[in-house]
Amino acid sequence: IFGPNEGGSAAAKERNAQNQGVSDADWARVQLDDEVPEAVKEPVRMTHSRNVSRVDAATPSHASLQPSPIPEGTETAAVAREQKITPFDVEGGVDADGKETGIDYEKVVRRFGATMISPDLLERFEKLTGHRPHPLLRRGTFFSHRDFNLILDRYEKGQPFYLYTGRGPSSDSMHMGHLIPFMFTAWLQRVFNVPLVVQITDDEKYLLERDAKKQAALQKKIKAKKPLNLLDHYHKMGQDNIKDIIACGVLPEKTFIFSNLSYVGGPFYRNVVLMGKTLTVNNVKGVFGFSDSDNAGMFHFAAIQATPSFSNSFPQIFGERDDIPCLIPCAIDQDPYFLVTRDSADKLGYKKPCLLHSKFLPALQGANTKMSASNENSAIFMTDDAKKIAKKIKSHAFSGGGATQEEHQRLGGNPDIDVAYQYLSFFEDDDEKMKSLSDGYRAGTLSTSQMKEACIAKITAVVEEFQKNRAAVTDEILHAYQDPTRKIDPRPVAKTQE
Ligand code: ATP
């Protein structure tokens, strides 16, 4: 977790210290009971610090584009395969010569109608919060947004907002790609000092398993006698994932984590019903690419992922207030859910969710797809030990080096497509080290195996620290974070904690 006290103006620091100036009137309709169970008083934190300042190489754009959920595959450029980014599939393009082109993020932003994060926006963030933007923001890993400026306006005026993110339990352990949104969200929560809700979509993962063979194999593996056993299996993996999320350092006194299979009901379900009625089958088909043979539950699920965006879904935090917007940090593949949510929010008289989108941590096999739990060979899991991590990186990480040692020395390598270098760029803080690795690789003086060794050392250190934090999350802590009767005070606490 990056400390939020990384700099910023003296005035901003003072403002932080003054409890962000929230007026009583603003909180008048919010529940204020602040009981925190003993089990969650001690936050579990990742403590590694980072101080990288590499600035995003992507050109920011201020283009104000309207949402336009155009199905992928309709562009006219000479390509063999268009890139495809949906909540279920991430595939980069392939050019006319059959070469993988990676993911063109500016194109995704144009298609989804989001906005690139500009240097001005980051500057405003720093001025207001007194915190230097997180390295993942400064580096352009979080690169796009929807209405983040409105969240900053609210912060400036001392008006409430909250964070919302989630996880669909596709494996019993999260992988390194999942660390990106959760570590970042934990940092943002400390900077803004606001409530966080985390949705565990155990229902979604059951509904969305469309590969009959994979499902049959899983049923056999877990000895499922009936569908209910399979549903329980996803729920159980969700519980394991919640421990992973807690280990990322979310604030115990301000975080509510819930499994859909356990929590959905009451005021939350009322919003699911309201949301469900705003969506037509045509709408859902168009945005998510479902077909008539997909199960009806998948169509309805969009309403369930939308609902945490509405503050009155969480009466234990916001009472009956329905006018508090949320900020959703997630990878850009989740955006279609919130595109439909934003459309429907207007119809329901609710606030639209705002978003911060990240790029993907690539699969071991290369930048044409994301690291995914659905493809075990693509991922480094948070449960992997040092030996396994080394083996995976040595044997699977796509190399941007020359075909032979001689060629590499003569022509140099390309760190931009080298997976070991890419992973380092997400997790290594030392700018000087990154520059020297990149320069040496391009010059051919640093070999592929040396790059991989550097990557193995860094990733192993991050995973081992995570494992230490994860081991401290007891079942008691797990249950306390999920207690729906626990009141959460939405007001900022006296001082940001770090
Ligand atoms: P998986 O295929 O691994 O299950 P998923 O996208 O289905 O991936 P989710 O649990 O839905 O997994 O994702 C949780 C959060 O992590 C979302 O914000 C998602 O966009 C993000 N995420 C998933 N994979 C990556 C990745 N490789 N890099 C960055 N973020 C990722």
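Student: Which side chain has an N or O atom 2.9 Å from an oxygen atom of the ligand?

Tutor: A polar contact is a pair of N or O atoms within 3.5 Å. In this predicted model, the side chain of Lys205 places an N or O atom 2.9 Å from a ligand oxygen. The backbone takes part as well: a backbone N or O atom of Gly168 is 2.7 Å from an oxygen atom of the ligand, and a polar backbone atom of Leu361 is 2.8 Å from a ligand nitrogen.

Student: How much of the ligand does the protein bury?

Tutor: One starts from the ligand taken alone, which exposes 600 Å². The protein buries 96% of that area.

Student: Which residues and elements form the surroundings of the ligand?

Tutor: The ligand is surrounded by 21 residues, the closest being Gly168, Ser170, Lys370, Ser372 and Ala373. Strand E8 (162-167), helix H7 (176-192) and strand E11 (326-331) each give two or more residues to this shell; H7 gives the most, with three. By class, the shell has seven nonpolar, nine polar and five charged residues.

Student: Turning to the helices, how are H12 and H16 oriented to one another?

Tutor: Angles of 65 to 115 degrees count as roughly perpendicular. Helix H12 (residues 266-278) packs against helix H16 (residues 335-348) at about 105°, with the axes 10 Å apart, which means that H12 is roughly perpendicular to H16. H12 makes the contact through Leu274, Met275 and Thr278, and H16 through Val340, Thr341, Ser344, Lys347 and Leu348. Four nonpolar, three polar and one charged residues make up this contact.

Methods: Residues numbered from 1 in each chain as written. Predicted model: local features only at pLDDT ≥ 70, side-chain atom pairs only at ≥ 80, totals over all residues. Heavy atoms only, no water. Near = heavy atom within 4 Å. Polar contact = N/O pair within 3.5 Å; in protein donor to acceptor, adjacent residues only side chain to side chain. Areas by Shrake-Rupley, 256 points an atom, 1.4 Å probe, with all protein chains shown as cover. Helix = DSSP H or I, 4+ residues; strand = E, 2+ residues; numbered from the N terminus. Nonpolar A, V, L, I, M, F, W, Y, C, P; charged D, E, K, R; others polar. Axes fitted to C-alpha atoms, helices over the stretch in contact; angles between N-to-C directions. Parallel < 35°, antiparallel > 145°, perpendicular 65-115°, else oblique. Contact = heavy atoms within 4.5 Å.
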